[in-house]
Every structure is written in structure tokens, then in C-alpha cells.
Amino acid sequence: MSIIRPYGDTTGDGMVQLSFTLPMPHSKVAEGAAVQLANKMGMEPALVVHAKPVGEGFTFFVVYGRVSHLVDTDAVSVVERDYPLLTPKEANAAIKQGLRRRLVVVGGCIGTDAHTVGIDAILNIKGFAGEKGLEYYRELKVVNLGAQVSVPELVAAARAEKADAVLVSQVVTQRDAHLLNTREMSAAFREAYPADRRPLLVVGGPRFDEAMSADLGVDRVFTRGTTPGEVASFLVHRLVSAKVAS
Amino acid sequence: MATTSTLGIDRADVRRARTLARQVGKPIVDLARRHTTVSVERATLRLAGLDGADAEGTPWVNRLVDAVRADCGLEHGVALPVWDALVRGEADDLHVLAQKASAGSVRFSLPEGRAATRARSASSKAVGAGIRTIDRQRARREKFIKRVGDAPRKPWIYLIVATGDIHEDIPQAQAAARAGADVIAVIRSTGQSLLDFVPEGATREGFAGTYATQENFRLMRAALDETSQELGRYVRLTNYASGLCMPEIAALAGLERLDMMLNDSMYGILFRDINPIRTFVDQRFSRQVHARAGIIINTGEDNYLTTADAVEAAHTVTTSQLLNEYFAKEAGLEDWQLGLGHAFEIDPDVPDSFRLELAHALLARELFPEAPLKWMPPTRHMTGDIFRGYLLDAFFNLVGALTDQGILLVGMMTEAVVTPWLSDRDLALQNVRYVMNAAGNLREDFHPAPDGFIATRARQVLAESIQLLDQIRNDTDAAGDPPLLAAIADGTFGLMKRPADRGKGLDGVAAKSEAYFNPATEILDAPKQGAGK
């Protein structure tokens, strides 16, 4: 089951759909150009099922076709969850036993990003996807700094609260703002703390790549669809279980 | 709209809701009248014609206000000290005075007696000229619409442009207008809300939007004038009067003939952590300018629903609409200028979500029958599944058609994925056209059953809203602040607690002294003569 093809309605048919716009007025030639593009992308045969003039000098296409490429699922590399998923009750119990105090989490959106949707979904009691947010966990002390927190403010708050973990959300990605902001943030924490005292740095947002944590200088990257329970479980795994084990 | 309620709403309840909004709002207006801010003073100088910036990009209005403040404080306003210096012959005009002041070669003082009278009349003349420019721009808009024609139908189709570069925005805006947009909104750069100055000149660098500057306003309006001529209908231009520079941006919008402005009474406080007093003072001045300029405001109730559950928080939208209406009318805006906001943000997995949306939208329509209302598309539950998103947008459009919305912000199926592509915009407009063409007149046949789900839900939301307003009216804090400030401080609106003595921009607020004088406020506070639609 490691070699597969796209599935339309029959195993192995390799059917895909594609839509795009070409900067030329609609004509037979334009439709031919759309087929040519699809062919070069590996769709053979390619069928233009829809072509429509859009604005002046542009045509929008929907193309269906068959690709010959094979996908080898064994050759795919992703970041799998490497920690056990805990219920809030289990997480609370683990913190109480292992840490003997509340675990402190400071969170916010840094840079000019005003979208608190992400950080609020993880931190607010309200939560996300049917799971309660971190504020619901009795053994977690949550400080939500909200939006447009500057990096120095974040470092200062982490110090003042003696944060065990710092959670940063980034939604706006124009000109890679999320990557630039995250690197600035992790550099500031490396500068402000000795390596063994630095709080755990966690960053999340819909456009991050989970494999980028080392590159960004953070301990973990969470991407779209992450639930509060996953974040809480990760915090417990790294800050409590790991410490108890060592 | 019919005068009798289609939702079975008791008119006494509506009166009670408005009375409560007035009782909650009035102490805030009094507070706003007793204070001034750096931005109000800078806006006054802008109306008198002081534009441009120094070599570091700091606007001259900032330089001059800072210099006056250092010498005589902010509490008297800057008009008297500034025009006193001009009358004394310290400089030939405001620009030279600002340059000298930032070089430290002018001392400002508060004039008294005769000198004060002279400064008062000189400043009134200079600021009056700016207000007359705003009046002329308003008349020009009205003439332009008469000549080329207005948007052919309601709702007006509202499309967003956001490249960060004004010279990219212009062809995109023109293309969007040709494709059917009646209103173009140029989204601002994300950080601009929190800048305590208005950037200068044509800008080509912005994050997720383009800076609001006087030159960008002028360039875009000129381009849309051209397109309006070509299309035979007036294409409106929208920008944002929110954040720390509300009053100045409002003045610039009036001077450059923008047509609609985002302007919410509490957005800056709750979502940007701007000091509450700063916000209310700035908001009142900016709305007075909008009223004078014939600009339609758009309020930001959509924000309540993107941060809280759209069913549980439905009544906070109604409450905010009532407060926005009170503050707007107090500032001189008329019903046709009130684009009160609301949004289609209920989780589509909630049973009867469409009926709930319809109930909320009908309630807004019924409470504010003469206001255009601004209807905003789903964002929160747009997951990246563009196909499902396209269906949600169609249902959003259908509610818009059934509830006679005035301004419809067109939803994009690629919301939360990319900034809209050319094809996304085209598909979105096809969606709107199909729904309006197929069901635009459906509201003639559509009467919710008086005891049905929709009417009952609408009455429930109004009742909850009245309850919330009543709770706000009775709120108190240790400092003895007006109830609304106490309510904002203790987190009545969402989970955000915003105390009156905290937040950004507080150092730019001053209580007015006995000697305070502001020629712009004098003109704007005076009852206006015969300004119609």
C-alpha cells in the first residue's frame, strides 16, 4: 500500500482537477494553451471542462485530467506526534505530581498581527474543536497578552510570570512576517535567558511548516487544526514527564 | 420597510433599548467634550492646511503639536498658541512655524485679552477654509453622482483591495469596479492602527494592506473618478478611521472626498487595546467630520463575532449597534450615513444556523429601518475547503437579499487561504449576481411566522441586548467612571478587560482647561444649515 495514485472514481485512474487563470483573452488558442500547461504538469490526457473570460485579457480554466505520477507513501516525511495525548484530568494530575506547582504559560500574538483567533482558540476557556482551552486546566496558569505584543514586552512578561512555556500565534503571513517575527522572538529569548533556564518556546499558526522548528529556533511548531489538548499534552510531555524521567 | 413589526417586536422594547443606549452613551459624550487629544489637535492643524513631513518622515502636525505641548501643555488646545505666534510674526505660515518650532526657535504661550481674540479669529479663518474644502468636496460628490449616475441597485457591492502598494492597488481597484464593484475598500497596513502619526506621501510598502495617507487617498479617488466616468456610475471609496489617528484620517478623508469610512465606537478599545478615553474623544471628533463630509460610516460589529461564539454573542452585536447609533447621531450623522455592521459567522455545523443568521439580520434591519447596514461575510468558518466556502458565501448572500442590506462585503471562497486572486473575485461576484438575480425580490414573499423560530429568536436577542444595556447602565468602578467605562474595564464585552487608565495613547489625552479653544470643534458643534442627502 505504499505506491498509490490519485483517485477519481476507479482505483488507479489517476484523475485530478485543476483551476488557473492565463493572461490572455478567451479563444481556441487560449484553451489549447491551458491544455499545454496541464500536459506539462503531467496531466495526460487533459480536458478543459470550463473556460471563461475574466476581466480584460484573462481567462479562467477548470481542467480535469489523468496524471501518471506515482506517490510513494514510504518516502513521505512528516512530523508525527511524539508525545502521548492526555485528557485535562491526566494533564493536571501529571503537573501536580511532577512539578508540585502550577505550570505557567504566557501567550500572545507578536508583531503587528492583530488576529487573536489562534491564540484564543488554544488559551481561552472557550477552546476549539470541542476541547476546552488551557485556561480550563486547573494546574495551568495562563497569561494571555492578546494581540500586537512586542517581543520585549513578551520577554518581560515571561520573566515577570516566571513562565515555563511561551506560546506565540502568528496568522498574518504577508511577506513572511510570521517567520521573521518568530525568529526575532526566539533570538530575544536566547539572549535574555541562559540556555537551561529558557522557557519552552511554542509557535503556532495556519501557515507554518511543522518541520521548521529548528530553523525558527523554537521547541515546537503547531500548524492548522491543532487543538488545546494537543498543546497541553506537549507541554506536559516536555516540561513535566521529561524532567521527572531525567 | 413596513412600520409594523414582522418579527412581533414590541415597539416599547425598541424605545427602551434606545433609551438605555442614550443613558449609557450620554456620560461618555460629556467625558469626550471635556477632553482633547493630540490627534484632535493635529487634525485641526491639518484642516488649516498644515501637511507634509520632515526629513525623518515625522509629519509637521506632530512636530508642531509636540512643540506647543512642551511649552504650554495640551489642555488649552494648540490653536491659540499657534495662531498667536503667527499673529506675532514668528513665521509667515504654518509650515515655516512648524519648521522653526521643531528647531526650537519659537516659544509658544497662551495669549490673553486682545491677543487671544486675534488668535481666535485668525485660527477660525484658517480652519474654516479647510471645513469649506470639505463642504466643496461633498457638493462635488453629489454633483458627480447626479451627472454620471449612482450604483444601479442595492446592496452596493463592496470589494477589498490590499496589495500594500498604492500603484498596484489602483489598477486592481479599477478592474474590480469594472467587474461590478460599487464600493472599493483599500485595506490598511496591519500596524497602522497603532501608529500615532499619519504617514506621508504615496506608499509602496505595507503589511497586508496599504498605508492610509493623504496622497494615497488623492491618487485612488482620482483613479476611481476616471473609472466612474467610464462606467457611467459613481464608484465609492472606503478607508479606515480607526486607531490612534481617527480624527486626522477623518479630516483627510473629508478633504480628499472619500465616501465611506470604517469607524467604530469601541473597536479600538476592545481589539487594539487603545485607551478608552482616547478612543471616545477621537471618535466623536472624527464622526463630526464624517457627518460634515457626507461620509457613510461602517461600524465593526463583525469583530465581536470573530472572537466570540456568534450565537452566544449575538446580543453584543445588537448592543454595539445601538451604542454606535447613539454616538453617531449625537455627532451629527444621519440615518443614511449609518452602515451599522453585522456578520455571517455562525458555525455551519450548528443546527438551524441559517435560520439563526436570518433572525439576527432581520432584527438589525427592523431596528434600523433607515440605515444602510453593512453585511459581512463568513471568515471564521472558512476552513480552506474552497468548495464548501463557496456554498457558505451563497447562503450569506441569500440572507443579504432577504434582509435588504445596503452594503454587501463580497465573501471570497479563498478567505483564510490567499489574498483574493482575479478568478476568486470573479467567482465571488458571479455568486452574488446569481443570488440577487434569483432571489433578490424574495423578501416580498418572505414573512417569518410570528411565533416561529426566526421571530422568536430575534425577540430573544433583543431582550438579551436590553438586559446587557441595563447591566452596563448599572455598572460601577472604584474610580467613579461612567458606567460604560466601568463595564469595558471589567470585561463586559468578551474576555477583554480594558481599564480607563490603561491602554495605548493615554499620554495623548488632556482634560480641557477653561481657556481651551478649538476652531474646528466650534464650527462642527454649531447646528448646521440645510445639509441634506
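The side chains of B:Arg221 and B:Asp225 are joined by a salt bridge with an N to O distance of 2.9 Å, where a salt bridge is a side-chain nitrogen of Lys or Arg within 4 Å of a carboxyl oxygen of Asp or Glu. This is a predicted model, in which local features need pLDDT of at least 70 and side-chain atom pairs count only at pLDDT 80 or more, while totals for chains, interfaces and linings use all residues. Residues are numbered from 1 along each chain as its sequence is written, chains are lettered from A and ligands numbered from 1 in the order in which they are written, and side-chain values use heavy atoms, leaving out hydrogens and water.

B:Arg221 and B:Asp225 both belong to helix H8 (residues 214–231) of chain B, four residues apart, about one turn of the helix. Helices (H or I, at least four residues) and strands (E, at least two) are DSSP runs, numbered from the N terminus. An α-helix has 3.6 residues a turn, so residues three or four places apart point the same way. B:Arg221 counts as buried at 2% relative accessibility, and B:Asp225 counts as buried at 12%; buried means under 20% relative accessible area, exposed over 50%, and partly exposed in between (1.4 Å probe, protein chains only).

Chain B has another salt bridge between B:Arg443 and B:Asp404, whose closest N and O atoms are 3.5 Å apart. This pair links distant parts of the chain, 39 residues apart: B:Arg443 is in the loop between helix H16 (422–439) and helix H17 (453–473), and B:Asp404 is in the loop between helix H15 (386–402) and strand E10 (407–409). B:Arg443 is partly exposed at 34% relative accessibility, and B:Asp404 is partly exposed at 26%. Elsewhere, salt bridges that share partners join B:Arg42, B:Arg46, B:Asp196, B:Glu248, B:Arg278 and B:Asp282 into one network.

Over all chains, the structure holds 41 salt bridges. One in chain A pairs A:Arg183 with A:Asp215, with the closest N and O atoms 3.1 Å apart. A:Arg183 lies in helix H5 (residues 177–192) of chain A and A:Asp215 in helix H6 (residues 213–216) of chain A, so the pair ties together parts that are 32 residues apart in sequence. A:Arg183 is partly exposed, at 32% relative accessible area, and A:Asp215 is partly exposed, at 44%.

Helix H1 (residues 28–40) of chain A has 13 residues that should span 18 Å at 1.5 Å a residue, in agreement with its end C-alpha atoms being 18 Å apart; the expected span is 1.5 Å times one less than the number of residues. Within H1(A), A:Ala30, A:Ala34 and A:Ala38 are buried. Seen down the helix axis, the buried residues of H1(A) fall within an arc of 85°, so they line one face of the helix; the arc is that of the directions from the helix axis to the C-beta atoms. On the other side of H1(A), A:Lys28, A:Val29 and A:Lys40 are exposed. The cover over the buried residues of H1(A) includes strand E2 (15–22), strand E3 (43–53) and E4 of chain A.

Strand E4 (residues 59–67) of chain A also holds A:Tyr64, which is partly exposed at 35% relative accessibility.

Notes:
Contact means heavy atoms within 4.5 Å.
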